[in-house]
Amino acid sequence: MAFLSSLDIGGSALSAERLRVDIINQNIANQNTYNTADGDPYRRQLVVFQEKKTFKETLSRFEQEAKSSYSRGTYYLARKEKYQSAGVEAVRVTEDMSPFIPVYDPNNPLADENGYIYKSNVNNTKEQIDLMVAQRAYEANVAAIAAVKAMATKAMSLTGR
């Protein structure tokens with residue numbers, strides 16, 4: 001059952017989306033932080049995803065396999081590593097470099113010479129939308145894993161094992 005290795009793809013997506021949700025929650029929690037350790041307001045964080053295996057690598061592997069012929073057992077053994085490194089990974093967390101939001105408050109001790117303090121660049125509406133998107137992506141990957149599990153269960157019942 002070579003299709004069971006597709007669980008790695010869904011599993012990697014679940015891990016990546018979990019990190020994305022954690023970073024979004026961190027952004028929401030710190031949206032009213034005006035002064036961090038470096039003296040600036042909190043800067044919005046973003047997660048960067050990348051595929052573990054490029055499409056070109058996968059396509060070239062399929063082309064090589066199409067040129068050769070295998071018996072049933074050798075076919076599986078030669079391909080069991082095909083999807084091992086497939087999926088998605090979170091490669092880094094970056095800062096959103098959009099400008100801070102100036103707020104006029106001359107009585108605030110953090111105000112500059114013009115009376116402005118600078119608010120974080122976190123937009124709560126944008127974060128809530130990103131959170132919903134991440135939640136839907138997580139749910140879609142859970143459904144994909146459940147489908148693979150159902151196929152494996154059905155295949156096991158058909159073979160009598």
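Across the whole structure, a search finds 7 salt bridges. The model is predicted. Its mean pLDDT is 82, and 75% of the residues score at least 70.

**Overall layout**

- The protein holds 4 helices and 4 strands.
- Read from the N terminus, the order of elements is α-β-α-α-β-β-β-α.
- The protein has 161 residues, and 22% of them are buried.
- Its accessible surface is about 11,000 Å², with 55% belonging to carbon and sulfur atoms.
- Among contacts with a separation of 6 or more, 71% join residues 24 or more positions apart.

**Confidence**

- Strand β3 has the highest confidence, at 93.
- Helix α3 (residues 72-79) has the lowest, with a mean of 48.
- The pLDDT falls below 50 over residues 70-77. Beyond near neighbours in sequence, this stretch has 5 contacts in the model.

**The network around arginine 44**

- Salt bridges link Arg44, Asp96, Glu127 and Asp130 in a network.
- Arginine 44 sits in the loop between α1 (7-29) and β1 (45-51).
- Its relative accessibility is 6%, so arginine 44 counts as buried, the cut-off being under 20%.
- Leaving aside residues up to four places away in sequence, arginine 44 touches Asn27, Thr94, Glu95, Asp96, Asn121, Val122, Lys126, Glu127 and Asp130.

**Salt bridges within helices**

- In helix α1, arginine 20 and glutamate 17 are 3 residues apart, about one turn of the helix. They form a salt bridge, with the closest N and O atoms 3.5 Å apart. Glutamate 17 is buried, at 8% relative accessibility.
- Helix α1 also holds aspartate 22 and arginine 18, 4 residues apart, again about one turn. Their side chains meet in a salt bridge at 3.7 Å, N to O. Aspartate 22 is partly exposed at 37%, whereas arginine 18 is exposed at 52%.
- In helix α4 (residues 124-159), arginine 136 and glutamate 139 are 3 residues apart, so about one helical turn separates them. The closest N and O atoms of this salt bridge are 3.8 Å apart. Arginine 136 is partly exposed at 49% relative accessibility. Glutamate 139 is also partly exposed, at 39%.

**The aromatic pair**

- The ring centres of tyrosine 104 and tyrosine 116 are 5.4 Å apart and the planes meet at 70 degrees, so the pair is edge-to-face. The cut-off for that label is over 60 degrees.
- Tyrosine 104 belongs to strand β3 (residues 101-104) and tyrosine 116 to strand β4 (residues 116-119), so the pair ties together parts 12 residues apart in sequence.
- Tyrosine 104 is exposed, at 53% relative accessibility. Tyrosine 116 is partly exposed, at 33%.

**The tyrosine patch**

- Tyr104, Tyr116 and Tyr118 make a nonpolar surface patch of about 320 Å².
- Tyrosine 118 lies in strand β4.
- With a relative accessible area of 37%, tyrosine 118 is partly exposed.

Note on methods. Residues are numbered from 1 along each chain as its sequence is written. This is a predicted model: local features need pLDDT of at least 70, side-chain atom pairs count only at pLDDT 80 or more; totals for chains, interfaces and linings use all residues. Side-chain values use heavy atoms; hydrogens and water are left out. Rings of Phe, Tyr and Trp (its six-membered ring) pair if their centres lie within 6.5 Å; planes under 30 degrees apart count as stacked, over 60 as edge-to-face and the rest as tilted. Helices (H or I, at least four residues) and strands (E, at least two) are DSSP runs, numbered from the N terminus. Buried means under 20% relative accessible area, exposed over 50%, partly exposed in between (1.4 Å probe, protein chains only). Patches are made of residues with over 30% relative accessible area and no salt bridge: like charges are joined within 9 Å, nonpolar side chains (Val, Leu, Ile, Met, Phe, Trp, Tyr) within 5 Å. Accessible areas come from the Shrake-Rupley method with a 1.4 Å probe; for residues, only the protein chains shown count as cover. A salt bridge is a side-chain nitrogen of Lys or Arg within 4 Å of a carboxyl oxygen of Asp or Glu. Contact means heavy atoms within 4.5 Å. pLDDT is the predictor's confidence in each residue, from 0 to 100.
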